[in-house]
Amino acid sequence: MNAAKLYVIGLGPGSTECLTPQAYDALSAARCIVGYRRYVNMIPSELLAGKCCIQSGMRQERERCEIAVKSACEGIPTALVSSGDPGVYAMAGLALETLEAYGLVGNIPFVVIPGVPAVCAAAALLGAPLIHDFACISLSDLLTPWERIVRRLTAALEADFTCVIYNPRSKGRPHYLTQALELAAQFRAPHCPVGLVRQAFRPGQKVGVYRLDQFSTEQVDMLSICIIGNTESRALGPYMLTPRGYSRKTTLGREGNHE
């Protein structure tokens, strides 16, 4: 088999400034680009010129993977693209599963190109909400039963993780985020900060920090990331801070010097 490379590329949050040089070079090398049409539209036009671009809609992830694998099998350097990082709620896993299903693991050169994850883009805009341990949880029940999502979120909140909420609210399940915040209220004080970032590093960007007991879910959609602080997180004007504990360490050190 004279297969070409199959790149699985993370485009980052959407701004060309957040596209890594490694991703840029891989897109330049590819002769076929496959992806969800919203994500393909994020790619700089000079990287699309003269190439085969195959776009499709939502919930056609498996079809896109099969098309990309077939293209690479035919000897065409192929890029399968997603937003953020391809290994975070994205295409790297399904692409590898597709190779496995067709017995092609090791026969097609498989290269995952990391990108700036949505969680990191959101955190940067909020200041420093993820300086200590955190958990990322998606509220989408398309692939995971809601009961399991609730168990995971409950465990993360009870363990005092800062909780990053992906896929927080859609038209088909507008109540899940409300339920998640009600659950958070069992483990967090009313003033616990909740960060909201919508369209990070894209036109229409929105960034805000709110109290848990005053957060309105109506402003949230599938283009948003929500970050629920841990018990030590605090709002600092337009920013959100989760301290790592350096000040506590310094205090302990000073106390130790007096012994």
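**Close-up views of a predicted model**

The sulfur of Cys-226 lies 12 Å from the closest cysteine sulfur, that of Cys-163, which is too far for a bond. The structure is a predicted model, in which local features need pLDDT of at least 70 and side-chain atom pairs count only at pLDDT 80 or more, while totals for chains, interfaces and linings use all residues. Residues are numbered from 1 along each chain as its sequence is written, and side-chain values use heavy atoms, with hydrogens and water left out.

View 1. Cys-226 is buried at 2% relative accessible area, whereas Cys-120 is partly exposed at 41% (buried is under 20%, exposed over 50% and partly exposed in between, with a 1.4 Å probe and protein chains only). With a disulfide taken as a pair of cysteine sulfur atoms within 2.5 Å, the count comes to 0 disulfides.

**View 2. Ser-233 in the loop between strands S11 (224-228) and S12 (234-236).** Helices (H or I, at least four residues) and strands (E, at least two) are DSSP runs numbered from the N terminus. Ser-233 is buried, with a relative accessible area of 6%, and its side chain reaches the backbone nitrogen of Asn-230 at 2.9 Å.

**View 3. The salt bridge between Asp-160 and Arg-188.** The closest N and O atoms of this pair are 3.7 Å apart, where a salt bridge requires a side-chain nitrogen of Lys or Arg within 4 Å of a carboxyl oxygen of Asp or Glu. Asp-160 sits in the loop between helix H7 (146-158) and strand S8 (162-166), and Arg-188, 28 residues apart from it, in the loop between helix H8 (176-184) and strand S9 (193-198). Asp-160 is partly exposed at 27%, while Arg-188 is buried at 6%.

**View 4. The salt bridge between Asp-221 and Arg-198.** Here the closest N and O atoms are 2.8 Å apart, and the pair links Asp-221, in the loop between S10 and S11, to Arg-198 in strand S9, 23 residues apart. Asp-221 is partly exposed at 23% relative accessible area, and Arg-198 is partly exposed at 22%.

Notes:
Polar contact = N/O pair within 3.5 Å; in protein donor to acceptor, adjacent residues only side chain to side chain.
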